[in-house]
Amino acid sequence: MKKQILLFTFLFISTAIVSQQQHIQAFKSGEWLRYKMSYSGFLRAGTAILEVEETALNGKKVFHTKGSGWTSGMIKWFFKVDDLYESYFDKNEVSPYLFKRKINEGGYKKHTITTFNKKSNHAYVQDFIKQKDTTISVLNVQDMLSAFYYLRNQDVKDMKKGDEIAIDIFMDEQIYPFKLRFLGKQVLDSKFGDINTLVFRPLVQSGRIFKAQESVTIWITDDANKIPIKMSASLSVGSLRAELEAYKGLANNFK
C-alpha cells in the first residue's frame, strides 16, 4: 500500500515539467480538478481534488490552494487515507508563504504547519503530533502544492526526450531534490477524448545520485493548462492509477 501513498504524493508534486517562463498563465482562481484513483483501472480506490482560490494573507493578495485525497469503497476498509494539504503562495512569483499538512495514511498521521520567512531564508515548522517546533535554513524551495502551480506556469515547448527538470521540495523538515525525465509525447485515450500529452518519469535523489522511479509514469496535457491527466504506478500485483475525472475554472481552453 505504500505505492498508494506514493501516488497521492506524486499527484501533488510531480508536475515539474518546466524549462523557461511562459507568458500564458496556466491556472487562475477558481480552478478545480478531481481525480479518480483506481486499482488496475477498474476498482475505485479513492478520490483526489486540487483547487485554487485568491485570498488575503497578512494583508497581501495570495493564492490559497488545497489538495485533498481519500480512499473509498473496499480499499477504505483495510487501508484508510484521509489527506489535506494547503498552501498560500505569492501570486506573481508562486513562492510559498505558508504550508499546512494534515494526513492519515493507514494509521500514519502527520499534522504540521510551515511558515516560510523569505527575509531570513528560514522555514519554521510546527509539528502538532510530536509537539515540537523546528527552524530550518532554506533557499528557493517550494512546498508540495506551490511546486505544482509554480511548475505548471512554465514553457516546455523546447524540451527534448531525455531532458531532466529539477526542483527542491521542502517537506517533513527536509529538502528533497526532485527531477522528472521527459520521455516524449503521446496521444492519450481519455474520457475527454484523444488528448495530446507530455510523458514524464520521476527521479528521486539517493545519496548524491538520482535514481528513476521506474514504476511511476505521468501524463501531462500538452496545452497551456499543463494538467496532469493520468498517473500510473505498477504494483507487485496490478497497478494503481490516478485519472482526471472532472474539472472546472481552467485558465485556458482544454484541448
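The largest nonpolar core has 56 residues, and Leu33, Tyr35, Tyr149 and Phe170 touch the most other members. Helix 3 gives the most to this core, six residues. By nonpolar core I mean buried Ala, Val, Leu, Ile, Met, Phe, Trp, Tyr and Cys residues joined through side-chain atoms within 4.5 Å. Buried is under 20% relative accessible area, exposed is over 50%, and partly exposed is in between, with a 1.4 Å probe and protein chains only.

A word on the source. This is a predicted model, where local features need pLDDT of at least 70, side-chain atom pairs count only at pLDDT 80 or more, and totals for chains, interfaces and linings use all residues. Residues are numbered from 1 along each chain as its sequence is written, and side-chain values use heavy atoms, leaving out hydrogens and water.

Back to helix 3, residues 144-152: eight of its nine residues are buried, so the rest of the structure largely encloses this helix. Helices (H or I, at least four residues) and strands (E, at least two) are DSSP runs, numbered from the N terminus. Tyrosine 149 has contacts, meaning heavy atoms within 4.5 Å, with residues including Phe27, Leu50 and Phe89.

Now the salt bridges, of which there are ten. Each is a side-chain nitrogen of Lys or Arg within 4 Å of a carboxyl oxygen of Asp or Glu. One joins glutamate 245 and arginine 44, at 2.9 Å, N to O. Glutamate 245 is in strand 17 and arginine 44 in strand 3, so the pair ties together parts 201 residues apart in sequence. Glutamate 245 is buried at 18%, while arginine 44 is partly exposed at 32%.

Conventions. Lists of a residue's contacts leave out its neighbours within four places in sequence.
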